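Good morning, and thank you for coming.

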Amino acid sequence: MWNIEKVVKKGDYLYAVVKNHPNRTKNNYVLLHRIIAENHIGRLLNENEIVHHKDKNKMNNSISNLEVMSAKSHASKHRKEHGRKWALLKCPWCESVFEKEY
């Protein structure tokens with residue numbers, strides 16, 4: 001589907017140079033993991049789809065490490081992984097102890 005001309009490292013991610021991709025930057029860059037996922041599923045990802053790195057290694061772009069999911073599912077997955085933060089508090093008046101999310 002998409003022909004990768006070159007791979008470039010920029011920051012934490014690898015980018016593919018794909019001159020005819022509709023979502024390319026002005027320098028013809030597209031995130032490599034998105035190109036790999038699109039080539040695998042045979043279509044463009046929609047604007048609500050995220051490509052998740054299962055092992056959290058942004059350089060591991062093997063198809064077995066990539067998972068296409070909705071942005072909402074992706075956010076939910078990371079919330080569950082990182083957990084919610086709770087504080088143990090004590091009321092200064094009645095001295096009851098309770099937990100509160102922050």
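Let me begin with Asp55, which is placed in the loop between S4 and S5. Helices here are DSSP runs of H or I with at least four residues, strands are DSSP runs of E with at least two, and both are numbered from the N terminus. What we are viewing is a predicted model, in which local features need pLDDT of at least 70 and side-chain atom pairs count only at pLDDT 80 or more, while totals for chains, interfaces and linings use all residues. Residues are numbered from 1 along each chain as its sequence is written, and side-chain values use heavy atoms, with hydrogens and water left out.

Asp55 has a relative accessible area of 39%, so it is partly exposed; buried means under 20% relative accessible area, exposed over 50%, and partly exposed in between, with a 1.4 Å probe and protein chains only. Leaving aside residues up to four places away in sequence, Asp55 touches Asn60 and Asn65, where contact means heavy atoms within 4.5 Å. Asp55 and Ile4 are 51 residues apart along the chain, and 24 Å separates their C-alpha atoms.

Lys56 also lies in the loop between S4 and S5. Its relative accessibility is 54%, so Lys56 counts as exposed. Most residues other than glycine have a negative phi. Lys56, however, has a positive phi near 70°. Asn28, again not a glycine, has a positive phi of about 70°. Asn28 sits in the loop between S2 and S3 and, at 19% relative accessibility, counts as buried.

Three strands form an open sheet in the order S1-S2-S3, with antiparallel pairing; two strands pair if DSSP finds at least two bridges between them. Strand S1 (6-10) and strand S3 (29-31) are at the edges with a single partner strand each, so one side of each has no neighbour in the sheet. On average, neighbouring strands of this sheet are turned by 40° against each other, direction ignored. The axes are lines fitted to C-alpha atoms, for helices over the stretch in contact, and angles run from 0 to 180 degrees between N-to-C directions.

S1 and S2 pair over 5 bridges and form a hairpin with 2 residues between them, where Gly11 in the turn has a positive phi of about 65°. Strand S2 (residues 13-17) is joined to S3 by 3 bridges. Val17 of S2 is the bridge partner of Lys6, and Val17 is also bridged to Tyr29 in S3.

Now to helix H1. H1 lies across S1, S2 and S3, at about 75° to S3. Its buried residues include Leu32, Ile35 and Ala37, and the buried residues of H1 pack against S1, S2, S3, S4 and strand S5 (66-70). Gly42, with a positive phi near 80°, follows H1.

Finally, which elements each supply at least two residues of the lining of the largest pocket? They are helix H1 (32-41), strand S4 (49-53) and helix H2 (71-82). S4 gives the largest share, 4 residues. Thank you.
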